[in-house]
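Subject: Structure handover

Hello,

Here is the structure I promised to pass on. Please have it open while you read the notes below.

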Amino acid sequence: MDPLFEKFNILKKKIKLDADKKALIKGRLLQYMDAFDFSPTSGNRIARFFRFAPVYAGVLAAVIAGGGASFAAQLALPGDALYPVKVGFNEKISAAFHFSPEAKANYEVDLAARRLEEVTQLASQRKISGEEKNDIESRFQSHAEKIKSKIQEFEHKGNIRAADTIASRFEASLKAHEKKLGEINVGDENESEVAEIKVGVRSEIGNIMSVRAGLRSKSVSSSFIESGDREVGASTSVKGKADEKNKQDDDRRDGAIKSGDREGTTATSTY
Amino acid sequence: MSNTQKKKFLEAYDAYADAIYRYCFFRVFSRARAEELVQETFMKIWQYIRDGKKVDNMRAFAYRIATNLIIDDSRKKKEQSLDAALEESDALEPSYDGRREIETQATLKEIMRAMEYLEEDERRILTLRYIEDLDPKDIAEILGISANSASVQINRALGKLKKHFKN
């Protein structure tokens, strides 16, 4: 081939519009379109958002960067035009505003919960296609993988407490959502899709519980090793910690389940 | 503004935004400006639809709007050599995800240098033909010229580019 055309071909393929930018521009176009089109539904959703969702630094940053459409995108569900803005832009920018490893890990737990929350809402609204279900599952999976690898990182650094805090939050969140998924009225059209997603959630619950079991055995043995001579003292203090943690877990789990029953919001995810 | 209109418009965006971006990039050699032009192009398209006007060939229409926006742009800016534009622009910076596409950048620089010897309308028609892969008939529609005229201009511009490319 003529070398000139080869060069053109290289450039043709490499010069691309970034997917996140594409979504961002689309968000702005939708906002632009809405400015001329006062449809009642868009107004209601934004009003609901104001009432229930706490604003925090990450979302604020995303909104400042992305404008009104990114704000409106927070309520988007898979299949909505603004959904790509939510997951491709808002969530990425927010992630950058979580600085510590703990904060980042907690954010991933929130995002995994948010994916399950979206499924719950979507399933009660309309039919979820097989392809959509696969997309939702793979997004959820990728958050779950990130959570697990962050837990491992904490473990390797010897920070068992942090590892278990994240693991227990994730476990509580998964269980709360599993319960919710079981309670919604799916109807025949979404029965198999929701069932498959529940299977995925159940399997993650199994994973995270065994991770926690591993962490617990590690923390017990390391406390023993640390306090050598004062074995009696060590065992009571370990027991004390375990009791305290169980209570914390119960509170968290109760809190998660209680607010999980509240429509439209979830304690385990912040918007 | 019916929902079908909205849906069709958004489908057009999904289908053509990437191409319009690429086209604009090769005209202005700036990522940021090209992104803005995509947005401006589709805003104008939406206005057109909203005003009740019908669009037969959306793809060609999008290119035409973009072309005119770029012409407006160049009228506002004072004449500037491509070299100076290269200095200023973000075209040759590493892409957003941090990967340095060395080969692409070298290639881009080569093409830009050769294009510098061409007139605006020659660059435009070569971009439409060889970057956007549009055939002369579509190009004619976009530029508002005859198909014959388009073919002639393409060949002339290509010949000129090849001459400067060899050097």
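Is B:F42 buried or exposed? B:F42 is buried, because its relative accessible area is 1%, and the cut-off for buried is under 20%. Please keep in mind that this is a predicted model.

B:F42 has an aromatic partner, B:F9. B:F9 sits in helix α1 of chain B (residues 3-28), and B:F42 sits in helix α2 of chain B (residues 31-50). The pair therefore ties together parts that are 33 residues apart in sequence. B:F9 is buried too, because its relative accessibility is 1%.

The pair belongs to a cluster. B:F9, B:Y13, B:F42 and B:W46 make up one aromatic cluster. Over all chains, the whole structure holds twelve aromatic pairs.

Another of these pairs joins A:F5 and B:Y130. This one is tilted, at 4.9 Å centre to centre and 45° between the planes. It crosses between chains. A:F5 is in helix α1 of chain A, while B:Y130 is in helix α6 of chain B (residues 120-131). B:Y130 counts as buried because its relative accessibility is 13%.

That brings us to the interface. The size of an interface is often given as the accessible area lost when the parts come together. Here, chain A and chain B bury about 3,300 Å² between them. Carbon and sulfur atoms carry 72% of that area. Chain A brings 26 residues to the contact, and chain B brings 35 residues.

Now the charges and polar groups. Six salt bridges run between chain A and chain B. One of them links the side chains of A:K12 and B:D133, at 3.1 Å from N to O. Ten residue pairs are in polar contact between chain A and chain B, with both residues at pLDDT 80 or more.

Which elements give two or more residues to the side of chain A that touches chain B? They are α1 (3-14) and α2 (19-35) of chain A. The largest share comes from α2(A), with ten residues. By residue type, the side of chain A that touches chain B has 14 nonpolar, no polar and twelve charged residues.

If you want a place to start, look at A:F5 and B:Y130, the tilted pair. Then turn to the salt bridge of A:K12 and B:D133.

Best wishes

Methods:
Residues are numbered from 1 along each chain as its sequence is written. Chains are lettered from A and ligands numbered from 1 in the order in which they are written. This is a predicted model: local features need pLDDT of at least 70, side-chain atom pairs count only at pLDDT 80 or more; totals for chains, interfaces and linings use all residues. Side-chain values use heavy atoms; hydrogens and water are left out. Contact means heavy atoms within 4.5 Å. Buried area is the accessible area (1.4 Å probe) that two parts lose on being put together, summed over both. A salt bridge is a side-chain nitrogen of Lys or Arg within 4 Å of a carboxyl oxygen of Asp or Glu. A polar contact is a pair of N or O atoms within 3.5 Å; within protein, one must be able to donate a hydrogen and the other to accept it, and residues adjacent in sequence count only if both atoms are side-chain atoms. Helices (H or I, at least four residues) and strands (E, at least two) are DSSP runs, numbered from the N terminus. Ala, Val, Leu, Ile, Met, Phe, Trp, Tyr, Cys and Pro count as nonpolar, Asp, Glu, Lys and Arg as charged, and the others, Gly among them, as polar. Rings of Phe, Tyr and Trp (its six-membered ring) pair if their centres lie within 6.5 Å; planes under 30 degrees apart count as stacked, over 60 as edge-to-face and the rest as tilted. Buried means under 20% relative accessible area, exposed over 50%, partly exposed in between (1.4 Å probe, protein chains only).
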